[in-house]
Amino acid sequence: MTALDRSHAMDHVVLVIFENRSLDNLPAHFLKQYHKDYADSDELLKIMQAEKFNTIDEWVQFFGVKTSLFGVDNTFMDNGKVFP
């Protein structure tokens with residue numbers, strides 16, 4: 001191919017970007033204080049009750065509120081319950 005032969009040259013470049021909305025892009029120091037696997041159960045329940053969540057069984061909804069501050073779609077978050 002000579003310097004002037006552009007028959008195999010590239011005409012276009014297409015860049016495809018996918019947005020990642022998983023929890024891995026959220027600050028851990030913020031989320032750990034609200035996560036039932038990391039926070040003290042009694043303290044977590046106090047925080048939840050201050051925001052009108054009455055029992056630890058409502059944790060999934062509570063944590064959803066906290067992660068929604070970052071635009072995370074967590075509608076399929078595992079609530080820890082096992083179904084037959």
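This is a predicted model: local features need pLDDT of at least 70, side-chain atom pairs count only at pLDDT 80 or more; totals for chains, interfaces and linings use all residues.

Me: Which secondary structure elements does the chain have, and in what order do they run from the N terminus?

Reply: Start with the elements. The chain holds three helices and zero strands, and its order from the N terminus is α-α-α.

Me: How much of the chain is buried?

Reply: A residue counts as buried when its relative accessible area is under 20%. Of the 84 residues here, 21% are buried. The accessible surface of the chain is about 7100 Å², and carbon and sulfur atoms contribute 56% of it.

Me: What share of the contacts joins residues 24 or more positions apart?

Reply: Among contacts with a separation of 6 or more, such pairs make up 39%.

Me: How many residues of α3 are buried, and which are they?

Reply: Helix α3 spans residues 59-68 and is mostly covered, with seven of its 10 residues buried. These are W59, V60, F62, F63, G64, K66 and T67. The cover over them includes α1 and α2.

Me: Where does H35 sit, and why does it count as buried?

Reply: H35 lies in the loop that links α1 (28-31) to α2 (41-50). Its relative accessibility is 18%, so H35 counts as buried, the cut-off being under 20%.

Me: Which residues does H35 touch, leaving out those up to four places away in sequence?

Reply: H35 touches L44, W59 and F63. Of these, W59 and F63 are also among the buried residues of α3.

Key:
Residues are numbered from 1 along each chain as its sequence is written. Side-chain values use heavy atoms; hydrogens and water are left out. Helices (H or I, at least four residues) and strands (E, at least two) are DSSP runs, numbered from the N terminus. Buried means under 20% relative accessible area, exposed over 50%, partly exposed in between (1.4 Å probe, protein chains only). Contact means heavy atoms within 4.5 Å. Accessible areas come from the Shrake-Rupley method with a 1.4 Å probe; for residues, only the protein chains shown count as cover.
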